[in-house]
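Dear colleague,

I am handing over the structure below, and I would ask you to look through it slowly before reading my notes.

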Amino acid sequence: MIFKIETERLILRDMRLSDLEGMFELDSNPEVHKYLGNKPVKTKEASRKIIESVLQQYKERGIGRWVAIEKSSGNFIGWSGLRLNTEYNMNGFTKYYDVGYRLIPRYWGKGYATESGKAAVDYAFNVLKLSEIYATTEIGNEASHNALLKIGLHYVEDFYFEQEKLNLRWYKIKNK
């Protein structure tokens with residue numbers, strides 16, 4: 001899958017094995033995983049498996065998270081975008097599209113989650129022609145909560161995700 005979207009400050013593109021260093025920096029950081037069950041990766045091999053999983057999602061589902069590159073620096077800042085979730089029963093849903101993002105902490109607070117998330121929602125509705133998209137955050141993650149609201153999603157309810165033992169918030173946006 002060759003994919004690329006440009007926003008004002010970001011390039012969103014398909015994930016590649018060459019993104020290993022950036023993915024490891026992202027997912028080995030305990031601060032990044034504070035609201036993700038506190039399970040940062042310990043090895044580059046674990047990060048490689050994550051990338052390979054996304055590459056498999058591209059093949060099987062036609063969509064998966066995208067790498068986010070800061071235009072001004074050319075730096076890998078994290079990932080964003082859509083995925084078709086089929087792995088989890090999330091709040092009663094077993095097959096749904098969700099929007100999400102995960103950024104290296106030095107890129108937090110710059111509006112990149114919102115900017116990339118809006119691009120993902122636009123792609124979902126105008127290219128994929130989806131009727132609705134969902135998202136989740138851990139209840140304590142106010143920054144992510146606020147970003148999802150700015151992207152245009154609406155808070156629906158809180159729920160407990162038994163599989164990961166997390167208290168989460170559920171969000172939804174419908175295509176108009």
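What follows is a short account of the aromatic pairs and the nonpolar cores.

Please keep in mind that this is a predicted model. A search of the whole structure finds 12 aromatic pairs, and I describe two of them here. The rings of Phe3 and Trp66 have centres 4.4 Å apart and planes at 20°, which is under the 30 degrees that counts as stacked, so this pair is stacked. Because Phe3 lies in the segment before β1 (4-6) and Trp66 in strand β3 (residues 66-70), the pair ties together parts that are 63 residues apart in sequence. Phe3 is buried, with a relative accessible area of 8%, and Trp66 is also buried, at 0% relative accessibility.

Tyr96 and Tyr134 form an edge-to-face pair, with 5.8 Å from centre to centre and 85° between the planes. Since Tyr96 belongs to strand β5 (residues 96-103) and Tyr134 to strand β6 (residues 132-138), this pair ties together parts that are 38 residues apart in sequence. Both Tyr96 and Tyr134 are buried, and they belong to one aromatic cluster together with Phe93, Phe159 and Trp170.

Turning to the cores, the largest nonpolar core has 44 residues, and those that touch the most other members are Met15, Trp66, Leu82, Val99, Ile133, Leu148 and Leu153. Helix α3 (residues 112-126) gives the most to this core, with eight residues. Another core, of eight residues, lies apart from it, and its members include Met90, Tyr134, Phe161 and Trp170.

With best wishes

Conventions
Residues are numbered from 1 along each chain as its sequence is written. This is a predicted model: local features need pLDDT of at least 70, side-chain atom pairs count only at pLDDT 80 or more; totals for chains, interfaces and linings use all residues. Side-chain values use heavy atoms; hydrogens and water are left out. Rings of Phe, Tyr and Trp (its six-membered ring) pair if their centres lie within 6.5 Å; planes under 30 degrees apart count as stacked, over 60 as edge-to-face and the rest as tilted. Helices (H or I, at least four residues) and strands (E, at least two) are DSSP runs, numbered from the N terminus. Buried means under 20% relative accessible area, exposed over 50%, partly exposed in between (1.4 Å probe, protein chains only). A nonpolar core is a set of buried Ala, Val, Leu, Ile, Met, Phe, Trp, Tyr and Cys residues joined through side-chain atoms within 4.5 Å.
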